[in-house]
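This report covers one protein chain.

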Amino acid sequence: MNGTVIPGTPIAVDFWKIRECPTAKLFFLTHLHGDHTVGLSSSWRHVIHCSPMTGELLTHLYGINESLIQPLEVGTSHILDLDSVNCEKMSVTVIDANHCPGSVMFLFEGYFGRILHTGDFRFCDELIDESNKMLFNDIDLLYLDNTYCSPQCAFPSRDSALDEIVSVINSHPHHSVVIGMRNLGKEDMLAKTALRCKEWISIPATMMQRVNLLNLPNVFVTDDESCRIRVVRFHTISKRNMALWNKVTPTIAILPTALYQGMDFNSFGNMSNVFIVQYSDHSSYQELYNFVSEVKPRKIIPVVGAKARGPFGVDISDRANMKCFSHLLNKSDNLDKMSDIPESVQKLMHNGSSSHGNGGGGRLTKPWKFRHKKSSTSLERGVVFSGNDNNEECERIEDHQLSTKISHTVTNIRSNSSNSNKRKKKKNSETLDSNINSQSPLSHKMEQKSYRPQVKETLLDKWLSVNDVWKKEGNPHHQLNRPYFSKTSSRNCFISKTQSAEKPRNECSITSSNSQEVANDTSSKTFILEVKQDADIEDVIILDDTSSDSTH
């Protein structure tokens with residue numbers, strides 16, 4: 001995170017973690033790159049001072065409430081209140097940073113002196129000319145973009161890098177070209193490339209909204225695979241993806257970045273179809289040196305801290321060492337201005353709300369306050385003194401009262417706990433006695449019913465049991481139409497008893513495969529079943545057509 005809160009002031013630049021520094025009341029945003037917006041989301045509720053272009057991008061891309069955007073025109077100075085009573089004011093001058101769309105520098109002037117915060121910027125000769133040279137004089141404190149503050153970080157101007165990109169594309173007329181890009185920035189470079197190569201450039205749909213907001217030339221289409229030049233995310237350029245793309249059509253990749261400058265390695269050094277062009281929106285070391293020599297501040301603080309890491313965790317802490325500019329500083333003693341903070345500003349920073357004049361950093365709702373939870377007991381806390389002469393007596397009385405109330409409270413808690421336990425034990429005992437004395441319906445049935453080993457009952461057994469019931473009741477229907485079976489002493493052998501002594505005339509016998517014989521006597525309405533000894537019969541189905549129903 002590259003944000004900071006200026007000491008001795010309520011001013012925060014690119015800093016959005018207000019819980020870490022609650023004294024921040026005025027919030028400024030230099031540009032919309034990710035490392036300068038850590039902690040900023042659609043739930044933000046404080047006024048943000050920024051350029052008009054950044055404010056428009058904030059509303060559309062981050063979902064920030066439009067009423068929270070306080071746009072400051074570039075190239076002009078603005079007066080803002082530093083307290084809630086409109087007594088202390090400061091001047092803020094907005095300067096184009098030449099970094100990305102909407103990026104600016106802030107020059108603060110007030111009781112703290114003159115502080116210049118560059119954010120991220122790319123120095124050029126047009127940045128400081130005769131018209132604005134006075135703005136950069138007598139700077140007390142300079143917050144400097146030190147992204148490439150190392151003598152090893154040398155790269156060409158953006159115009160020279162653009163010439164190289166166009167040259168690479170034109171030298172591969174039969175190849176598809178993929179350009180690795182990050183979220184925001186270099187859209188202007190893409191538009192110039194398309195115009196010089198006279199070709200359309202396909203960009204992701206998420207990027208098209210930014211392009212429309214920037215009012216760039218109409219040279220872009222959305223996700224069109226037929227375009228020879230396409231924009232992809234920076235991290236998708238890899239050896240594996242290049243191999244996949246080249247299986248379809250010959251493809252080259254261009255990475256417009258100076259990210260690997262000042263390092264001993266390059267992750268794409270062994271890939272002949274990937275071209276790294278030193279196109280950067282940051283100042284090179286030589287450009288930083290030229291800028292500091294023009295400004296001559298009294299003190300320099302790096303924007304990127306010493307804890308920052310480069311690609312793959314490379315240590316770049318040496319870039320936060322500002323001793324390389326020590327001989328360029330203004331040696332006059334004028335740094336004691338910030339020691340005296342106006343009382344009204346102190347009240348705002350430590351106690352007051354951030355909503356005050358000009359909407360400067362103000363919050364639309366009341367600040368959140370922590371409320372202590374009231375104690376559930378009414379015990380008096382602390383010692384009350386009635387006078388200096390009776391201090392020991394008062395302490396003794398208060399200690400006695402406090403110990404008495406505590407002992408009473410403990411006694412009541414123990415008494416309530418004991419009574420509660422007794423009631424629970426009594427209730428459990430009554431429930432247990434009730435369960436023992438009372439009989440459930442299930443236990444009643446178990447007593448009434450005598451159990452015996454279950455034996456599989458066949459259909460023949462069912463017929464015999466039904467026959468016994470009918471015989472006892474003297475059912476005439478049984479006497480006329482139902483066969484009567486009885487068991488013999490032989491195991492699994494059954495014979496039939498008929499009501500007629502004569503053998504029926506019409507007798508039809510059927511012998512089954514398991515030695516069963518069934519005879520049907522239609523004249524006497526009697527069925528004769530004969531089963532040989534030791535036959536294994538599971539079920540017998542008898543259908544009586546002469547009766548009024550069918551029985552299985």
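## The chain as a whole

Among contacts in the protein chain with a separation of 6 or more, 59% join residues 24 or more positions apart. Contact means heavy atoms within 4.5 Å. The model is predicted: local features need pLDDT of at least 70, side-chain atom pairs count only at pLDDT 80 or more, and totals for chains, interfaces and linings use all residues. Residues are numbered from 1 along each chain as its sequence is written, and side-chain values use heavy atoms, with hydrogens and water left out.

The protein chain holds 11 helices and 22 strands. These are DSSP runs numbered from the N terminus, with helices as H or I of at least four residues and strands as E of at least two. Of its 552 residues, 40% count as buried. Buried means under 20% relative accessible area, exposed means over 50%, and partly exposed lies in between (1.4 Å probe, protein chains only). The accessible surface of the chain comes to about 32500 Å². Carbon and sulfur atoms account for 50% of that surface. Such areas come from the Shrake-Rupley method with a 1.4 Å probe; for residues, only the protein chains shown count as cover.

| Pair | Angle | Axes apart |
|---|---|---|
| α1 (residues 52–62) and α4 (residues 205–213) | about 150 degrees | 11 Å |
| α2 (residues 158–170) and α3 | about 45 degrees | 10 Å |

Axes are lines fitted to C-alpha atoms, for helices over the stretch in contact, and angles run from 0 to 180 degrees between N-to-C directions. Angles under 35 degrees count as roughly parallel, over 145 as roughly antiparallel, 65 to 115 as roughly perpendicular and the rest as oblique.

Helices α1 and α4 are therefore roughly antiparallel. Their crossing is right-handed. For a right-handed crossing, the near helix is turned clockwise from the far one by less than a right angle; anticlockwise is left-handed. From α1, Met-53, Glu-56, Leu-57, His-60 and Leu-61 meet Gln-209, Arg-210 and Leu-213 of α4. By class, this contact has four nonpolar, two polar and two charged residues. Ala, Val, Leu, Ile, Met, Phe, Trp, Tyr, Cys and Pro count as nonpolar, Asp, Glu, Lys and Arg as charged, and the others, Gly among them, as polar.

In α4, the buried residues are Met-207, Met-208, Arg-210, Val-211 and Leu-213. Their cover includes α1, α3 and the strands β11 (176–181), β12 (201–203), β13 (220–222) and β14 (229–233). Just after α4, Asn-215 has a positive phi of about 55 degrees.

Helices α2 and α3 are oblique to each other. Their crossing, too, is right-handed. Leu-162, Asp-163, Ile-165, Val-166, Ile-169 and Asn-170 of α2 meet Met-189, Lys-192, Thr-193, Arg-196 and Cys-197 of α3. This contact has six nonpolar, two polar and three charged residues.

Helix α3 spans residues 187–197, and its buried residues include Glu-187, Leu-190, Ala-191 and Ala-194. Just after α3, Lys-198 takes a positive phi of about 55 degrees.

## Two loop residues around α6

Ser-284 sits in the loop between β16 (274–277) and α6. Its relative accessibility is 5%, so Ser-284 counts as buried. Beyond its neighbours within four places in sequence, Ser-284 contacts Tyr-148, Cys-153 and Phe-155.

Lys-299 lies in the loop between α6 (285–295) and β17 (300–302). Lys-299 is partly exposed, at 42% relative accessible area. Lys-299 and Asp-140 are 159 residues apart in sequence, but 6.3 Å apart in space, C-alpha to C-alpha. Leaving aside neighbours within four places, Lys-299 is in contact with Asp-140, Leu-141 and Leu-142.
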